[in-house]
Amino acid sequence: ARNCQLSPDGGRILSINREGHPQLWYTATGEAASPPLENEAEVQAVDFAPDGRYIQAVCVDGSVRVWDSSSGRPAAPLLKHNGSVTSASFSRDGSHLLVTAGEIAWLWPVGWPVFEQLTLKTDEQRGELLDASISPDGQRIVTQSRVVSDTSTKHQIDVWDATTGETTQAPVVIDTDAPNRARSTLLFSSDSRRILIADRGRSFVGSADGNPRQFGGFPNPNGVSGGPPTRGGGPRLFEGAGGPALVCNLDTDHRVTLNTNEAANFRPIVNYQFTADGDHVVTVSRAPNASSPTPPQESDGSAVAANARTVIGMNARVRRWDCETGEPTGPGLEFTSNFPRLFFASALHALSPDGRRFARVKEVAQRLEVILSDTDTGESIGPPLRHDGQVTQMDFCDDGRCLITVAHREGQL
């Protein structure tokens, strides 16, 4: 099996079998949930709709097939495209499927029959589409294209009206200086008002300065996020691009660059995420500390575990940024991670919906503690939350007033 995807409710796994057909499995038992979903062409990528009702499969011949995940029956006609498909993603409500191939993006309604689809065709100046995503409210589409000339290579970000197919504002152009440079990081805020664009260390052109991979078991192979699923109250952190970040207000076209370069010792930024209200962005940056002559310390001055210096090799900073001014809301939280390889796994951190509180796992004297901190001031909130076993998951509730942790020891939760 390959290209395994977990259903939103965690009850099923979608994979591609040896014959190149999609296959559903029950997570609890490992048994097949249905016969293989037959398709004429070999399947190269699969994914669930956000509500788990439908599944989609991208085929090597440029077609896309949609099935009902419960019955295994086709949920729409075979969707054919000219050329190889570069991205395919459902809208948040699962009612539409956005597909890019070559220089064209198609917005297909899911269901029978298929009424006239919306087609976005880029001109020669924009070039090949790399990916596209529809906003959480379904009103806008953002596309990223590669523009190659004799003298330069650029990435262009365009925002389109999902009803008319017209662009709604001036594009954002990014100098890349490499024809095969990876896509920029693109994130919608959950209210669809803003989009964050982060490049891999390059600069923006004109009025702007700047394949996320989502952690925590909700893969997004298409590169652009249409708004992250949540684990409850807290938003997910996404792996970022490492360069400066531009935040665009899609209602007013107000654009602001996050002044991330001021923290020279904490680069690159590896995580970006909007807060639930869309008014702030939370970033996580890191810096190596393995060669530091000073033993690493927490922001409160306490020493890290004795073996941490040889295990870690990483200091981290969490900051919250105002989307109107581009300035940080405070000095931020700085700490040394006991888990350099696992720090960005969702089990070891949680962010409150408003981005003001950050919870993380810390090892002290071979015991695990959950530390709750203020992301603006870096100060600890309350005493450490001690656990006898290994912390496997934690999250804030929807209103951010409670933190729930799960730990296990000797087979007990």
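How many disulfides does the structure hold? The answer, for this predicted model, is zero. The cysteine pair C397 and C402 illustrates the point: the sulfur of C397 lies 4.2 Å from the closest cysteine sulfur, which belongs to C402, and this is too far for a bond, given that a disulfide requires the two sulfur atoms to be within 2.5 Å. With a relative accessibility of 43%, C402 counts as partly exposed.

Strand β6, made up of residues 64-68, is largely enclosed by the rest of the structure, because five of its five residues are buried. The covering extends to both faces of the strand, with V64, V66 and D68 buried on one side and R65 and W67 buried on the other. Strand β5 (residues 54-59) runs antiparallel to β6 and is joined to it by five bridges; within this pairing, A57 has R65 of β6 as its bridge partner. Four residues lie between the two strands of the hairpin, and G62 there adopts a positive phi near 90°.

The largest nonpolar core comprises 18 residues, of which V66 and L97 touch the most other members. Two or more residues of this core come from each of β5, β6, β7 (85-90), β8 (96-101) and β9 (104-109). When residues up to four places away in sequence are set aside, V66 touches Y54, I55 and Q56, then P74, A75, A76 and L79, and also F90, L97 and V110. Another core, of 13 residues, lies apart from the largest one, and L187, V247, I269 and F274 are among its members.

**H280 in strand β23**

H280 is found in strand β23, which covers residues 280-287. Its relative accessible area is 14%, so H280 is buried. The side chains of H280 and R320 are joined by a polar contact of 3.5 Å. Leaving aside neighbours within four places in sequence, the residues in contact with H280 are Q273, F274 and T275, together with R320, W321, D322, C323 and T329.

**The open sheet β26-β27-β28-β29**

Four strands, in the order β26-β27-β28-β29, form an open sheet with antiparallel pairing. Its edge strands are β26 (349-351) and β29 (385-387), each of which pairs on one side only. On average, and with direction ignored, neighbouring strands of this sheet are turned by 20° against each other. Strand β28 (residues 367-374) pairs with β29 in the antiparallel sense over three bridges, and E369 stands opposite R386 in β29.

V364 lies in strand β27, which spans residues 357-364, and its relative accessibility of 29% places V364 among the partly exposed residues. Although V364 and R386 are 22 residues apart along the chain, their C-alpha atoms are separated by 9.6 Å.

| Residue | Relative accessibility | Class |
|---|---|---|
| H280 | 14% | buried |
| V364 | 29% | partly exposed |
| C402 | 43% | partly exposed |

Technical notes. Residues numbered from 1 in each chain as written. Predicted model: local features only at pLDDT ≥ 70, side-chain atom pairs only at ≥ 80, totals over all residues. Heavy atoms only, no water. Buried < 20%, exposed > 50% of the residue type's maximum accessible area, 1.4 Å probe, protein only. Pairing = 2+ DSSP bridges. Polar contact = N/O pair within 3.5 Å; in protein donor to acceptor, adjacent residues only side chain to side chain. Contact = heavy atoms within 4.5 Å. Core = buried A, V, L, I, M, F, W, Y, C linked by side-chain atoms within 4.5 Å. Axes fitted to C-alpha atoms, helices over the stretch in contact; angles between N-to-C directions.
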